[in-house]
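Here is a friendly note to read with the structure open beside you. Take the points one at a time, and find each residue on the screen as you go.

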Amino acid sequence: MKATSARALALSALVLLAACNQPGSGGAVKVDGETIAAGTDGDWLSYGRTYDEQRFSPLDQINDANAKDLGLVWYADLDSARGQEATPLAIDGILYTTTAWSMVKAYDGTTGKPLWAYDPKVARETVVKACCDAVNRGLAAWGDTLFVATLDARLVALDRKTGKVLWETRVAPADSNVTITGAPRVVKGKVIIGSGGAEYDVRGFVAAFDVETGKEAWRFFTVPGDPSKPFENEAMAMAAKTWSGNYWRLGGGGTVWDSITYDPKTGLLYFGTGNGEPWNIAERDPDAGDNLFAASIVAVDPETGKYVWHFQETPQDRWDFDSDAQIMLADLKIGGKDRRVVMHAPKNGFFYVLDAKTGEYLSGKAFTAMNWASGLDAKGRPIVNPEAHYEKTGKLFVGLPGAGGAHSWQAMSFSPKTGLVYIPVNLAGFPYAATGKDWKPEPMGMNNAQDGSKVATPADAAIRKGLMASVSGELLAWDPVKQKAAWRAPYVGPWNGGTLATAGNIVVQGSADGFVQVYNATDGKKLWSFAAQTGVIAPAMTYRAKGEQYVAVMAGWGGVWALAPGLLSRKSGATQNISRLLVFKLGGTAKLPAPPRSADLVLDPPPNFGTPQQLAIGEGRYQRYCGTCHGDAAIAGGLTPDLRHSTALGDPAVWQAIVHDGGLAANGMVGWAKVMKPAEIDSIRAYVVSRANQDKLIGPAPLAPVPPKQ
Ligand code: CA
């Protein structure tokens with residue numbers, strides 16, 4: 001009797017406890033290794049929702065039968081006007097997100113009421129060493145603490161209730177080229193983060209910091225350092241055998257700028273690494289070795305950072321084929337056998353399935369059109385087409401996929417119900433052209449050893465039309481067991497948002513042309529769409545608060561595709577930045593205010609000036625130093641000022657004050673006195689004036705964005 005009632009009491013206490021743990025019921029969700037591994041159904045506790053990075057929610061209140069009834073329920077205007085790439089976290093009905101410039105915001109998930117905000121005050125000049133915009137992809141949570149990594153390479157712990165700073169530590173020195181855009185993860189009480197910067201001068205790493213103190217626990221470099229000094233570990237000694245020459249002079253690259261994944265089942269921490277530095281392998285490694293561990297997946301022990309295995313996806317990379325796209329874990333039945341696998345769809349266009357414990361290559365297949373390789377050999381090594389070795393042929397190689405990647409950081413999702421992976425695919429080539437033998441590393445700007453002046457968009461209407469027709473994008477539903485497409489949904493351009501899959505048999509994706517849409521997860525039928533007024537590049541997420549399911553997504557055009565590709569940026573569609581957090585539910589009736597009108601492109605440039613020699617110098621300097629942010633051939637992609645409109649074009653003194661002296665440095669436009677003389681800077685003015693006059697004659701680019709706020 002006594003035992004039974006004790007058990008009944010214990011049982012009812014358990015039931016009560018379970019009720020308290022229901023998200024959105026006023027109870028407190030415990031954020032720890034167990035809840036992040038298993039997931040709580042109504043929350044979103046980690047970047048990819050759970051450690052496996054599947055971005056699959058068990059919520060099914062919103063489903064394929066009722067998605068047509070979705071509507072906006074609230075939105076929040078954001079105080080930054082650069083690309084918004086973050087996935088918000090949802091804990092106990094509260095949304096936490098990061099924005100451009102590494103700022104953090106908290107909102108009531110049901111009403112949108114702002115609860116607190118944190119600004120790490122990143123110096124805007126930092127953006128000049130960030131290839132791909134002042135973006136940030138999100139937070140990590142552990143206990144009552146949130147963690148954000150900043151563009152200027154700090155790691156900050158915040159009190160989740162108040163946004164107050166608990167500690168702050170440097171991940172890399174302030175004067176290094178290290179920038180951070182990725183979301184940290186927390187594994188066994190350690191915050192794990194890597195960095196970007198392999199387009200500049202950075203030695204890639206992933207590092208772990210104590211959650212309580214911020215003290216560094218370990219650091220694993222991804223590429224070997226100076227061989228005249230002792231290697232840090234055996235893995236580096238092994239990697240160094242695959243490099244030659246003075247490979248370490250530019251750091252070597254291999255940066256871990258996005259994917260970090262932990263598997264409680266194998267006990268391993270996986271991360272993806274970026275390109276070797278510079279891209280052009282002739283300038284990096286004269287013997288063209290495999291260059292470990294660039295463009296690879298590496299597995300280490302999360303407690304110590306000790307190397308366990310690696311799989312290199314792009315040996316001898318010279319195309320910027322970062323392997324940084326998210327690493328996803330799943331249990332799949334392959335050849336009748338249950339396997340714990342890593343699934344990966346990196347920039348190089350192949351979909352890989354590896355054994356999660358050993359890294360053994362199980363299968364791989366091209367998931368998109370490509371011309372750089374004809375396939376994979378039995379061990380999963382790409383069979384490279386000789387013309388892709390542009391540094392050997394000395395010829396221009398328009399590679400497909402290009403440096404933007406067939407798939408990049410825009411996260412894919414996996415539905416265990418359909419067995420499909422939903423991949424945002426870019427179809428966009430890139431013109432690779434090697435610099436000549438006299439190339440020297442630059443003290444400022446990108447160091448890719450690519451000759452940008454050979455590939456500027458021609459001012460010819462027919463060629464431009466062909467270029468514009470050559471790029472597009474799609475949502476691809478991929479069967480990872482059969483290595484085969486199940487369905488595809490087309491977009492007008494590349495650089496669409498990450499995806500969310502749910503138990504309601506839906507896939508949610510924002511798109512660069514300015515919509516948020518819901519698809520049937522089984523057959524790809526479009527069920528609903530919403531006009532977002534701006535390109536949506538971030539992944540959507542979902543949560544439950546007060547018993548109702550919500551879908552949230554960060555909207556705001558930006559990232560690399562809004563900067564460097566020039567005219568091609570416009571192909572994607574809604575190329576003006578209106579930065580907002582958008583939240584939807586069934587029956588939502590909120591409305592967005594009318595969008596600001598895009599200005600018609602009326603070019604009224606000053607008359608041409610300068611000798612042919614000055615124009616050639618100006619084009620070369622523009623493509624080397626300016627085009628990274630202001631667009632190929634001076635056609636901006638909607639995020640940064642379009643220089644063809646600049647009033648400074650007609651005033652040489654104002655032009656020098658900005659470009660030479662750094663008069664707009666507080667906005668991120670640094671001065672270039674360190675690398676260019678005033679005469680060179682005026683040659684750039686001559687080039688931009690000539691480009692504005694050319695475009696006046698052949699007709700405007702399709703869309704002129706409103707000037708950015710910041
Ligand atoms: Ca890269």
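1. Start with helix α6 (residues 612-630) and helix α8 (residues 678-698), whose axes come within 7 Å and cross at roughly 95 degrees. Helices here are DSSP runs of H or I with at least four residues, strands are runs of E with at least two, and both are numbered from the N terminus. An axis is a line fitted to C-alpha atoms, for helices over the stretch in contact, and angles run from 0 to 180 degrees between N-to-C directions. The pair α6 and α8 is therefore roughly perpendicular (under 35 degrees counts as roughly parallel, over 145 as roughly antiparallel, 65 to 115 as roughly perpendicular, and the rest as oblique). On the α6 side the contact is made by Q614, L615, I617, G618, E619, R621, Y622, Q623 and C626, and on the α8 side by E680, S683, I684, A686, Y687, V688 and S690 (contact means heavy atoms within 4.5 Å). Sorted by class, the contact of α6 with α8 has eight nonpolar, five polar and three charged residues. Here Ala, Val, Leu, Ile, Met, Phe, Trp, Tyr, Cys and Pro count as nonpolar, Asp, Glu, Lys and Arg as charged, and the others, Gly among them, as polar.

2. **How to read the numbers.** Please keep in mind that this is a predicted model, where local features need pLDDT of at least 70 and side-chain atom pairs count only at pLDDT 80 or more, while totals for chains, interfaces and linings use all residues. Residues are numbered from 1 along each chain as its sequence is written, and side-chain values use heavy atoms, with hydrogens and water left out.

3. **The nonpolar cores.** Which residues have the most contacts inside the largest nonpolar core? They are F220, V516, Y543, L582 and F584, in a core of 93 residues. A nonpolar core is a set of buried Ala, Val, Leu, Ile, Met, Phe, Trp, Tyr and Cys residues joined through side-chain atoms within 4.5 Å; buried means under 20% relative accessible area, exposed over 50%, and partly exposed in between, with a 1.4 Å probe and protein chains only. Strand β36 (residues 548-555) gives the most to this core, with six residues. Leaving aside neighbours within four places in sequence, V516 is in contact with residues including W528, F530, V553, L582 and F584. A second, separate core has 27 residues, among them I327, Y361, M370 and A434.

4. **Aromatic rings.** Rings of Phe, Tyr and Trp (its six-membered ring) pair if their centres lie within 6.5 Å; planes under 30 degrees apart count as stacked, over 60 as edge-to-face, and the rest as tilted. By this rule the count comes to 31 aromatic pairs. One of them joins F311 and Y352 edge-to-face, 5.5 Å centre to centre with 70 degrees between the planes. F311 lies in strand β18 (residues 307-312) and Y352 in strand β21 (residues 350-355), so the pair ties together parts that are 41 residues apart in sequence. F311 is buried at 8% relative accessible area, and Y352 is buried at 0%. One aromatic cluster is formed by F311, W319, F321, F350, Y352, Y361 and W372.

5. **Backbone details.** Most residues other than glycine have a negative phi, and most peptide bonds are trans. A cis peptide bond joins E277 and P278, with omega about -10 degrees, and another cis bond joins L292 and F293, with omega about -5 degrees. P278 lies in the loop between β16 (268-272) and β17 (296-300), and F293 is found in the loop between β16 and β17. Phi is positive at D92, near 50 degrees, and at Q483, about 50 degrees. Is D92 buried or partly exposed? D92 is partly exposed at 21%, whereas Q483 is buried at 6%.

6. W672 sits in the loop between α7 (652-659) and α8, and is buried at 7% relative accessible area. Leaving aside neighbours within four places in sequence, W672 is in contact with V128, M444, G445, Y625, V659 and H660. G668 is in the loop between α7 and α8. G668 and T126 are 542 residues apart in sequence and 7.0 Å apart in space, C-alpha to C-alpha.
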